[in-house]
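I have a new structure to look through today. I'm jotting down what I look up as I go.

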Amino acid sequence: MTDVNLQALHDVEHTLVMGVLNITEDSFSDGGLWLDPDKAAQHGRDMMAAGADIIDIGAESTRPGAKRVSEEDEHRRITGAVEALIPAGAVLSIDTTRASVAAAALERGAQIINDVSGGTLDAELPHVVADHDCLYIVQHWRGWLAGSKGANPDQDTSVYEHGVLQDVHDELMRQVDGVLAAGVRPERIIIDPGLGFSKPGIGHNLPLLTGLETFRATGYPVLIGQSRKRFISAMLAEAGVDEPTMADRDGVTAGLSAMCAEHGAWAVRVHDVAASRSAVIAGNVWRAYRQSQD
């Protein structure tokens with residue numbers, strides 16, 4: 001079992017790669033592939049071998065139109081994967097919005113909670129994080145699958161009055177204030193602008209990527225989760241790729257991973273670890289070189 005220095009992990013100066021382990025029936029790109037506990041554990045180990053610094057385990061899809069899984073099912077899936085991967089030396093992030101699931105995973109050795117609701121769905125979750133003194137990823141999202149019944153899943157939550165960059169920054173900082181008030185220490189917080197969450201289009205997401213420095217200026221490390229998102233398919237379609245494959249999406253994801261690393265992201269959350277690992281290495285070298293020239 002690996003003894004993780006949480007502060008060193010929080011303060012790392014090069015971009016990390018977070019591999020996605022979806023133990024779900026209906027995640028948009030890999031739902032159902034890793035439901036079997038043995039397959040899930042092996043996929044986690046494979047991503048570690050491919051260079052993932054962190055494995056992010058989720059047991060509930062957050063794609064538009066997804067249905068909530070029961071608390072019991074989420075608990076069982078998450079704890080099974082944690083118990084399988086901690087002995088392998090994994091650094092584990094738990095993608096959950098439920099305090100009970102977070103507590104169970106942390107008690108079994110997980111080190112990070114990745115809360116896509118940013119502390120707003122389960123008011124007890126920030127308190128669990130504070131009690132366990134783990135790392136806490138606070139993500140921007142304007143509501144649990146709000147507006148998911150329409151043809152445009154985010155039509156009710158994707159209007160940004162002052163521009164997407166300013167509004168997401170301001171709303172995310174209010175979420176951070178909330179988790180600080182719950183007792184989470186600032187040196188344990190990582191922020192995530194939530195690409196694709198209440199942000200369906202290219203025009204919602206590229207400003208957040210090009211404005212990465214705005215989020216870094218808060219003093220909190222920044223996680224970027226661009227992998228296989230809808231806006232990537234839209235970018236490819238605009239370039240004339242009529243039916244982009246998963247390989248096409250992963251290629252764009254890797255390119256964005258390099259850009260994020262060059263601009264100082266704390267980590268990128270990706271499905272294809274090998275492709276983004278190489279891209280992140282290039283971005284880290286690029287950033288170090290640029291800094292040496294300043």
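**Ground rules.** This is a predicted model, where local features need pLDDT of at least 70 and side-chain atom pairs count only at pLDDT 80 or more, while totals for chains, interfaces and linings use all residues. Residues are numbered from 1 along each chain as its sequence is written, and side-chain values use heavy atoms, with hydrogens and water left out.

**Confidence.** I looked up pLDDT (the predictor's confidence in each residue, from 0 to 100). The chain's mean is 90, and 89% of its residues reach 70 or more. Over residues 145–153, pLDDT stays under 50.

I found an open sheet of 8 strands, ordered 6-5-4-3-2-1-8-7, with parallel pairing. Its edges are strand 6 (189–192) and strand 7 (223–224), each pairing on one side only. Strands are DSSP runs (E, at least two residues), numbered from the N terminus, and two of them pair if DSSP finds at least two bridges between them. Strand 1 (residues 16–22) pairs with strand 2 (residues 54–58) over 5 bridges, in the parallel sense. I checked Met18, and its bridge partner in strand 2 is Ile54.

Which residues are the closest to the centre of the second largest pocket? I got Val12, Arg216, Pro221, Gly264 and Trp266, out of 14 lining residues.

Methods. Helices (H or I, at least four residues) and strands (E, at least two) are DSSP runs, numbered from the N terminus. Contact means heavy atoms within 4.5 Å. On a 1 Å grid over the protein atoms alone, a cavity is a set of points where a 1.4 Å probe fits but cannot get out, and a pocket is an open set with protein on both sides within 12 Å along at least five of seven lines; lining residues have an atom within 4 Å of a point.
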